[in-house]
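This report looks at one protein together with its ligand, and it moves from charged pairs to the backbone and then to the ligand site. Please keep the sequence and the structure in view while reading.

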Amino acid sequence: MKIGFIGLGNMGGPMAANLAKAGHEVTGFDMAPVQIDGVTMAGSAAEAATGADVVITMLPNGAILRDVAAQVIPAMTAGACLVDCSTVDVDSARAVAAEAEAAGLLAVDAPVSGGVGGATAGTLTFMAGGSDQAFAVAKPLFDIMGQKAVHCGDAGAGQAAKICNNMILGVTMIATCEAFALADKLGLDRQKMFDVVSTSSGYSWTMNAYCPAPGVGPQSPADNGYKPGFASELMLKDLRLSQQAAESADADTPMGALAQQLYAQFVETEDGKGMDFSAMLPRFEKRHRE
Ligand code: NAD
């Protein structure tokens, strides 16, 4: 396939490289001067999109996505497919899909989980929203860049699944960290805490697979000085998107709202920026009851 790839950062760069390695003809564009193995660079987003069967975007946020979409949609050939893999707000995802469809294009919103490691290894999970026809066009590319793709529903459904998942993740990480900090203050050995909780009703992905306590459980960013991993500021971004969606859908999400507030405090006033999101554990450890 002829693929245009716009946004070749930490995630987009390795994803585009994997498509090129699999034999696709990839033309890329990024605002920053980047070089990606096997990818021919274009002078603009519109140029990268011209003549492409599929255009993939991997951009920082919804406002930038809307801006880039306004440039690439007019340049795309009718029947081609626009696949946005960025994590953005549901409203932007739906607006971009509607514009693409009005221009005779197919559209898929397909945010990912798996981080930079998954992007490099080609093991991402894609959560996709769009028509059956659009998903069928994008699926072979998801199979190269990832190991699983779930068609979640119509436009915006991929973003909805992503932010609901990450709202659970943020809330659960906080719950796991505050419980460890309490256990510490009660004099409980961390390994014993892990042994009990990881096989009891308090178990979760954050405890069992990504334990925030160093030296306990499987290898995780806690064992590497809380270097990300999944940075706290990215968790904050996703929690903000979840609360924006909750606001627009009139959903009551008190735990998600509190998780957003705690990560905002951590990132903006407590040196959490650049730390893995599991560094909530040392944060709680240092604190006292207010
Ligand atoms: P990044 O900042 O490394 O990459 C974004 C790229 O977009 C940059 O290279 C930037 O120069 C480029 N860009 C910005 N505006 C542009 C424009 N107008 N035209 C062309 N290029 C433009 O970010 P990332 O870590 O690659 O994340 C990309 C998306 O993936 C985000 O939405 C993020 O939330 C999501 N995501 C990231 C991770 C992760 O672990 N990094 C995991 C899952 C999802």
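In this predicted model, the structure holds 7 salt bridges. Side chains of opposite charge can pair when their charged atoms come close. One of the salt bridges is formed by Lys139 with Asp143, and the closest N and O atoms of this pair are 3.0 Å apart. Both Lys139 and Asp143 belong to helix α6, which covers residues 132-145, and they are 4 residues apart in it, which is about one turn of the helix.

The backbone also deserves a careful look. Most residues other than glycine have a negative phi, and most peptide bonds are trans. Tyr226, although it is not a glycine, has a positive phi of about 65 degrees, and Tyr226 is found in the loop between α9 and α10. The peptide bond that joins Pro228 and Gly229 is cis, with an omega of about 15 degrees, and Gly229 likewise lies in the loop between α9 (205-208) and α10.

Where does the ligand sit? The ligand is located in the largest pocket, and the elements that give two or more residues to the shell around the ligand are α3 (62-72), α5 (115-121) and α10 (232-249). Altogether 23 residues surround the ligand, and the closest are Asn10, Met11, Asp30, Leu59 and Lys237. When this shell is sorted by class, it has 14 nonpolar, 6 polar and 3 charged residues.

| Residue | Polar atom of the residue | Distance to a ligand oxygen atom |
|---|---|---|
| Met11 | polar backbone atom | 2.8 Å |
| Asp30 | polar side-chain atom | 2.6 Å |

On its own the ligand has 830 Å² of accessible area, and the protein covers 83% of that area.

Note on methods: Residues are numbered from 1 along each chain as its sequence is written. This is a predicted model: local features need pLDDT of at least 70, side-chain atom pairs count only at pLDDT 80 or more; totals for chains, interfaces and linings use all residues. Side-chain values use heavy atoms; hydrogens and water are left out. A residue is near a molecule or strand if one of its heavy atoms lies within 4 Å of it. A polar contact is a pair of N or O atoms within 3.5 Å; within protein, one must be able to donate a hydrogen and the other to accept it, and residues adjacent in sequence count only if both atoms are side-chain atoms. Accessible areas come from the Shrake-Rupley method with a 1.4 Å probe; for residues, only the protein chains shown count as cover. On a 1 Å grid over the protein atoms alone, a cavity is a set of points where a 1.4 Å probe fits but cannot get out, and a pocket is an open set with protein on both sides within 12 Å along at least five of seven lines; lining residues have an atom within 4 Å of a point. A molecule sits in a cavity or pocket if more than half of its atoms lie within 2 Å of its grid points. Ala, Val, Leu, Ile, Met, Phe, Trp, Tyr, Cys and Pro count as nonpolar, Asp, Glu, Lys and Arg as charged, and the others, Gly among them, as polar. A salt bridge is a side-chain nitrogen of Lys or Arg within 4 Å of a carboxyl oxygen of Asp or Glu.
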